[in-house]
Amino acid sequence: MNEAQQAGLQIDWAGLAPMIIVFAAAFGGLLVEAAVPRARRLVVQTALAVAALLAALVAVILNRGKASAAFSIEGTDLGSVVLDGPGLFLQGTIAVLSVIAVLLLAERRTTRGGDFVAEAAVVADSAADRSQQREDGATEIFPLTLFAVVGMMMFVVAGDLLTMFVALEMFSLPLYLLCGLAKRRRLISQEAALKYFLLGAFASAFYVYGMAMLYGFAGTVDLAGINQAGVSSGQPRLLLYIGVAMLAVAMLFKAAAVPFHMWTPDVYTGAPTPVTALMAACVKVAAFGGLLRVFNVGLESSAWDWHMILTIIAIATMLGGAIFAVTQRNIKRLLAYSSIANAGYLLIGIITLGDAVGSTMFYLAAYGFTAIAAFAVVSLVRDGDEEATHLSRWAGLGKKSPGTAAVFTVLMLALAGLPFTSGFTAKFGLFADALGAGEVGLVIVGVVSSAILAFPYLRVVVLLWLNEPAPDAPTVNLPSPMAGSVVAVGVAATLVLGVAPGFLLDIVDQASTFLNT
Amino acid sequence: MHDISYAPATGALAWTWALIALPALGAAVLLLAGRRADKWGHWLGTATIGAAFALALALFASLAGLDDKSAHLDLFTIISVGDLQIDASLLFDPLSAVFCLLITGVGFLIHVYAIGYMAHDAGRRKFFAYFNLFAAAMLVLVLGGNYFMTFIGWEGVGLASYLLIAFWQLKPSAATAGKKAFLTNRVADVGFLLAMFVMIGALGSVDFATVFNGAESLSTGTSLALGLLLLAAACGKSGQFPFQTWLPDAMEGPTPVSALIHAATMVTAGVYLIARSNVIFSLNADVQTVVVVVGALTLLFGAIVGCAKDDIKRVLAWSTVSQIGYMFLAVGLGGGAFALGIIHLLAHGFFKAGLFLGSGSVMHAMNDQTDIRRFGGLWRVMPWTYATFAAGWLAIIGLFPFSGYFTKDPIIASAFAREGWQGWVVGGAALLGAALTAFYMTRLFVLTFHGPRRWTEDVHPHESPAIMTGPLVLLGLGSLAAGGLMASPVTTWLTPVFGEHHEAHGHLTHMQVTIATTAVVVLGAALGWFLFRGGTEEVPRAASWPVRFARADLGGEVVNRGVFERPSRLVAGATVSMDGRVVDGAVNGLSAAIGGTSRRLLQLQTGFVRSYALSILSGAVIVVAALMVVVVQ
């Protein structure tokens, strides 16, 4: 960097503050691991993480209304980090959802020592492993989570492919680790982590390859520049197509779209449930935030080229997720396939481009709350210390634990998209915008898929209330205020966004314009 | 016609909402407090209605002091869609004022009576909660400032009525009667809903003022439809032909319910609706004719069936059907007769409530028996009940100088005043009805209180406690005097609503009608007296076909069964088999197909990373290929 550039470089520190705060807290968390006695680490780590995420949320809110690049040289914007309406809204959503997820990570009452292993390096099912079953889980999960959150926050404001790639890896790597840290059924957990890592690495390779192609086509990795090149570049368009295809594959992998979804059920099932909640809510927001930006800002000019294939993938995802979900017998797998189907609905929002940015963001927020609460409830229903994930074990839960069953019923109805829940308002808004943009076919498939998907959800409801409980039915462990507030906040948001969604609709409406489009 | 407008509520009248809030609060407390309120619940329920009565009196006094005699109160907006705005508004005008006084006044007395009547019932608190709920809903009905509010009250009283008829829900007959009342009312309520849709469609509003002022601009067809739809709703709630069948069955409820809801107040809602909508009904002569025909037909229908019944409450119930027929006749005649209908309604409220409570007192004494064939000679045992029942009897048959004379005679006179042959027919029907009323009421009275004792062996009749006889006495006094006292002042009071009252002149002079009525009434009563003073058979015996026909409610049930039940069963059966074979078949087939597809596709989910990676790779190949296809095109 020469002197002139140095002199002219302007950095919007306030704009970067949310990410800096979380990043600093993550490093602080590492120091806590070294400096604070083991007994007190949980409290300190939780407090640190929650405080950092709330501070980040405040910083995001203070940045509201911004529409500028975070770095500029003598008035020329550098596209690497772009602070605009959608980016800030999604950052805020990630902050809120990850606060809730952190509370779930910190839950220790439902099972002794929590869901996380104390020493991940101990060989699974060995004698040493059995003896550490009683110990408290490792608290490194908090800094790991914060690193992932920084990555997600960066992913949604990244304005060029390179920054985006860094962010992608930054939130993926800690998640690979977190997936393997379950205390119980460790082999499945480790298998899930390894699968996720291998396939994630595979997908990243696609990303880098696609990025190279697009650079070759446009001569830049800046999204706005790529868009410009889509109109004016003299390079062979083949480069563009391969680039778009590779990039899409990598990002649709993270978003869990069919046929790049196969990892989802295995990883969702194997990972500790709080991590699954984090993935279902926050990673979904980040992945679709990135997709929204790439397609709206970078590939809008070549929309005609990718429209057909993305439509096919959306249809496959919506129908696939719904049809797979129908025969699931495991509640976590059912929620995993539900998350895949929801990725399909969200793809409608991507395909619709600018008209549906607001409703897509609303959908992400609404779905995030519902999903996190649903996984939180899953973590409460236990056979002894282990989660009772097989659906047959949930039969008649309404008789023994009507409160929990009622909460889960609300969440199922929300996922099924019934009125007076956020599921309805979100789907309605998204489908209405897509209809307005002429995507009739996609909306019809979306509605059909919702109808199919309503079946497994409602079957759970029937199971909860109308079946006789087994004599050794699982117990609902009383949650500490941690998991309790996760459920409460999730359900409250689900209902409020269903009954009075006006305020959030106003916010997403104001925040739905990308910079540089 | 001058514009109708309502002045905003000021001063004390701004508290009109509290009239509804008081009993509503009582109902809420009683229902929410649960068993904790068992000890004092009935006192609270009675106190709220008493307070509402005091408030109604105060509001009545304030209204009397106003020049424009109306108070309109907007509380909040219920619906605001496009141009349509529906407010929660209340209207306190002379018409709603007299209804409020009737509901809270007579209602209070019946509440007091019920404290004694329900003393040994485990569900007394629940009973008073429903009673309060009913009062609140009825007050919404008459205070509503637009048709929508009236409709809310309309449905509310329907609900309360259902809950109270089926109050002893473990008795199958009570449960069935509640269901019957509810369903019959629902059918008629469709008329109300459609009427509101017509208003919204034609006039864009359901506000009284807007609808009445715009009514003149309606086409004949629209005003005919509007009138008939409102009439259908009114007939349902008031048990008028062809919806009369639910009302006698409603006697399955506790007797105070019959007195309050199915005699004094709720069943008069239909009369209120027509009176309130007098502008609409006056517009279209055809609608008026239909109302008159319905009224005349029902008053005869009720009176004839009333002659054939042996159940004390059912006789009174059919008599209610018949008396409301008189009111319909009056409001159907239009003009000055509107006020006559309302006056008869008020007087009827007193004497019918008194009669019902009296019958309750008798049932109390006779181990809840209701068969008048097994009564007789009770006058000696229950002097208070006897005296008050006698007052009600004198009032309903309309002998000078008792209530009915002042309220029913003018209706008969107005009926004769209708032009052409219709006047003779309608007037004749009303006159015949009066004779029949005198006959069956005398029969009821004589068989119950006079003649030889035909009691079953295990009964030991006794007079009811003071808490029951007290209200009886007050209602008895009201029965005797109300008509004479109210006839003239109430007509004047209602002038702002119905316009100036003009004496009707027609085929017969008022004096001729009075003489004729008095003659047939005396004749009917005398016939009843002489036929039944010696008692009657203790069980009904075979009778000629007219009697059998009357005992079978003039075929009302047969018609219902043939016209409604049987076709409904056929349609339901067809629908069920259609649902079972075609719909379920399709749904089950589809779900089996989806489930099968799901299982087959899930075999791809092997758990091996290599096959997952292959899936990603093939997906990538497809994506690239698809993009190429677009290029080639």
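This is a predicted model: local features need pLDDT of at least 70, side-chain atom pairs count only at pLDDT 80 or more; totals for chains, interfaces and linings use all residues.

Colleague: Why is Ala426(A) called buried?

Modeller: A residue is buried if 20 or more other C-beta atoms, placed from the backbone, lie within 10 Å of its own, exposed if 12 or fewer, and partly exposed in between. Ala426(A) has 28 C-beta neighbours inside 10 Å and therefore counts as buried. This residue belongs to helix α18 (residues 422–436) of chain A; helices (H or I, at least four residues) and strands (E, at least two) are DSSP runs, numbered from the N terminus.

Colleague: Which residues does Ala426(A) touch, not counting those up to four places away in sequence?

Modeller: With those left out, Ala426(A) touches Phe362(A), Tyr363(A), Ala366(A) and Tyr367(A). Two residues are in contact if their C-beta atoms, placed from the backbone, lie within 7 Å. Between Ala426(A) and Phe362(A) the C-alpha to C-alpha distance is 6.3 Å, although 64 residues separate them in sequence.

Colleague: What makes Ala177(B) count as buried?

Modeller: Ala177(B), in helix α6 (residues 172–203) of chain B, has 21 C-beta neighbours inside 10 Å and so counts as buried. Beyond four places in sequence, Ala177(B) is in contact with Ile165(B), Ala166(B), Asp249(B), Ala250(B) and Glu252(B). For chain B as a whole, 54% of its 633 residues count as buried.

Colleague: What is the largest nonpolar core, and which residues have the most contacts inside it?

Modeller: A nonpolar core is a set of buried Ala, Val, Leu, Ile, Met, Phe, Trp, Tyr and Cys residues joined through C-beta atoms within 7 Å. The largest has 214 residues, and Val22(A), Val249(A) and Ile372(A) have the most contacts inside it. Apart from that core lies another, of 212 residues, including Tyr113(B), Val294(B), Leu299(B) and Leu494(B).

Colleague: Why are α17(B) and α18(B) called roughly antiparallel?

Modeller: Helix α17 (residues 403–416) and helix α18 (residues 420–449) of chain B pack at about 155°, and their axes are 7 Å apart. Axes are lines fitted to C-alpha atoms, for helices over the stretch in contact, and angles run from 0 to 180 degrees between N-to-C directions. Angles under 35 degrees count as roughly parallel, over 145 as roughly antiparallel, 65 to 115 as roughly perpendicular and the rest as oblique. α17(B) and α18(B) are therefore roughly antiparallel to each other. Among the residues that meet are Ile411(B) and Phe416(B) in α17(B), and Val426(B) and Leu431(B) in α18(B).

Colleague: How do you know that β1(B) and β2(B) pair?

Modeller: Two strands pair if DSSP finds at least two bridges between them. Strands β1 (residues 71–81) and β2 (residues 84–92) of chain B are joined over 9 bridges, in the antiparallel sense. Opposite Phe76(B) stands Ala88(B) in β2(B), and opposite Ile79(B) stands Ile86(B). The hairpin has 2 residues between the strands, and Gly82(B) takes a positive phi near 55° there.

Colleague: What makes β5 and β6 of chain A edge strands?

Modeller: The open sheet of 3 strands has the order β5-β4-β6 (chain A), with antiparallel pairing. β5 (386–387) and β6 (475–476) are its edge strands: each pairs on one side only. Strand β4 (residues 381–383) of chain A pairs with β6(A) over 2 bridges.

Colleague: How many residues does each chain give to the contact?

Modeller: Chain A gives 31 residues and chain B gives 24 residues. On the side of chain A that touches chain B, α10(A) provides the largest share, 9 residues. That side divides into 26 nonpolar, 1 polar and 4 charged residues, where Ala, Val, Leu, Ile, Met, Phe, Trp, Tyr, Cys and Pro count as nonpolar, Asp, Glu, Lys and Arg as charged, and the others, Gly among them, as polar.

Notes: Residues are numbered from 1 along each chain as its sequence is written. Chains are lettered from A and ligands numbered from 1 in the order in which they are written.
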